[in-house]
Amino acid sequence: MDSLRLKFNMIFLLSFLAFINGIKSDFLQAADQKNHSSSGKQTKKTASKKRKKRTVCRLFFQDYKTKTVKWADVISGDTLRMETPSVIEGFPKFDAEDQNLVQMESSSGTILLGVRDSEGGEDQSGWIFINSGVKEESHGDHSHWYYKAHPKVIASQLDTEQGNPAHLYCYQGVFYLANDRISGYTRLDPQTYLDQPTQKIKTGFHRGGGNHITLAVVEGKTGYASWIDGGGPQKGIIDVTRIRPEGNKEIVYSFALPSGAIHGATTCAGKVFFAPADGICWCEADLNPLPQNKKHVKIHHLSLGKDEETKKPNRTGAFSTHRNYVLFLSGKGSTARLCLLNAKSNQPEVISVPLNMLEGNSPVALQVIKTAWGKRLAFVFHNHPKELEQDEFLSIIDLDPDNDLDFVDAKLRKQIKVGPSNVEGHYGHHDIKFDRAGRYAFWTEPGAGKIKALSLKTLEPIYTFTVSGTPTKLIVMGQQDRMK
């Protein structure tokens, strides 16, 4: 009996120990799983602290040294980084001595670029049409941006029939390239390519203007093209033409400004503005031009004063527009200024903002942006001829300090010292452009071979990119996509 009881007790003890070990095992396993889970969460948390790399935008810049257009994506991580720039696929080879890249504009993910030769258009001049590879997917109140495709040349027209273009414009998303030597301009709508990418690029030549044409196109209906002549029968002449997709060789009527040497034109708020040798001229826009309308054209003149030394009238050379304002630059050195006109006014008056430049410096490369933080800012560089050794600056003007959309109180906000330009005639100036979101500005420093980035929130430079060649004109496409 004692033996049987001892055996029973032993079995019971072993069973109890097994039960206790089972509980311990389950507890340890649960604890181990909990530890693994906590470790996983910690790993995930640590990983989330690492900033995910995103594409901020895509830069395109002209290299004056090699006569090419290069591109590179700007990446955001712990800091901004620019990928190694490369020449756009299919970009033509040019004679670095006898051909130049002139103005370029962007629209709907495409770029148009003018090409000028040193033989008055008798060598190889014309245009190059580029797909940027940047795609915008609109969702109404916001967009998403994709940078998967590389940019490439879609089409080009380079021959002896393109009139040696200099100026290029983009109105209502459509490109207009001035064909100076054949007295007209070429219309190219990028939407026709986007709708039918396999079809031949369609262009439409319009007659109007001559020698060094500047152009305003009002609501895609009427073109106002200028003659550069300072004397003779074409002095101060503006040709008015109906705009048609297929082109139009008929000039409806022409009129003359009080002075010639016209070197600027734009449109804003139902008016057309011109930059002749003396001040500013403007007239009401004609959206249905007929021959008899010529007698109703009334030219208004705005004086910009006279140069104290030469006694010649002050003038400007190009315009920018923002909302209902026309902006332009005038003077040099201590008389340099940013000027604004309220185009909605029945009688626009000149608003002037002194730029406080060193003697010998001139204002160039005016650009305007509304930042992501709601500020409306203008940017102007201080450039000078190559032979003058002098510091150069970037002026930042607050167009609307009190945010009431009346720019009468515009004022100089700050000046930033910048690297050198490399001016040769019309080429080698600084240029500045902005990402679509209005978070960053990028500018070129041709004399230093650099592109710099500036925060539009702090208005402080935040990064410098060193590039090969001589970076000049610049285009910035897209913005950082925050969708994940």
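**Cavities, pockets, sheets and confidence**

Me: Which residues line the second largest cavity?

Reply: They are Leu112, Trp127, Phe175, Tyr176, Leu177, Thr186, Leu188 and Thr203. This is a predicted model, where local features need pLDDT of at least 70, side-chain atom pairs count only at pLDDT 80 or more, and totals for chains, interfaces and linings use all residues. Residues are numbered from 1 along each chain as its sequence is written, and side-chain values use heavy atoms, with hydrogens and water left out.

Me: What makes this space a cavity, and what makes those residues its lining?

Reply: On a 1 Å grid over the protein atoms alone, a cavity is a set of points where a 1.4 Å probe fits but cannot get out, and a lining residue has an atom within 4 Å of a point. The second largest cavity holds about 30 Å³, and two cavities of 30 Å³ or more turn up in the whole structure.

Me: Which strands supply at least two residues of that lining?

Reply: Strand 12 (174–179) and strand 13 (184–188) do. A strand here is a DSSP run of E, at least two residues long, numbered from the N terminus. Strand 12 gives the largest share, three residues.

Me: How does the lining of the second largest cavity divide by class?

Reply: Six residues are nonpolar, two are polar and none is charged. Leu112 and Trp127 line this cavity and count as nonpolar because Leu and Trp are on the list of Ala, Val, Leu, Ile, Met, Phe, Trp, Tyr, Cys and Pro; Asp, Glu, Lys and Arg are charged, and the others are polar.

Me: What about the largest cavity: how much space does it hold, and which residues line it?

Reply: It holds about 60 Å³, and its lining is Thr192, Tyr193, Gln196, Gln199, Lys200, Ile201 and Lys202. Here the classes are two nonpolar, three polar and two charged.

Me: Why is another space called a pocket?

Reply: Because a pocket is an open set of points, with protein on both sides within 12 Å along at least five of seven lines. The second largest pocket has about 300 Å³ of space. Of its 15 lining residues, Asp307, Glu308, Glu309, Lys332 and Thr335 lie nearest its centre. The lining has no nonpolar residues, eight polar and seven charged.

Me: How do you know that strand 19 and strand 20 pair?

Reply: Pairing needs at least two bridges found by DSSP, and these strands have four, in the antiparallel sense. Thr267 stands opposite Val272 in strand 20. Both strands belong to an open antiparallel sheet with the order 19-20-21-22.

Me: Why are strand 19 and strand 22 said to stand at the edges?

Reply: Strand 19 (265–268) and strand 22 (300–302) each have a single partner strand, so one side of each is left without a neighbour in the sheet.

Me: What is the order of the other open sheet of four strands, and which strands are at its edges?

Reply: The order is 27-28-29-30, again antiparallel, with strand 27 (362–370) and strand 30 (411–418) at the edges. Strand 28 and strand 29 are joined by five bridges, and Phe379 has Ile396 of strand 29 as its bridge partner.

Me: What makes residues 16–48 a stretch to read with care?

Reply: Their pLDDT, the predictor's confidence in each residue from 0 to 100, stays under 50. Where pLDDT is low, predicted coordinates should not be read in detail. The chain as a whole averages 89, with 88% of residues scoring at least 70.

Key: Contact means heavy atoms within 4.5 Å. Grid points are joined across faces, edges and corners, and a volume is the space filled by probe spheres set on the points.
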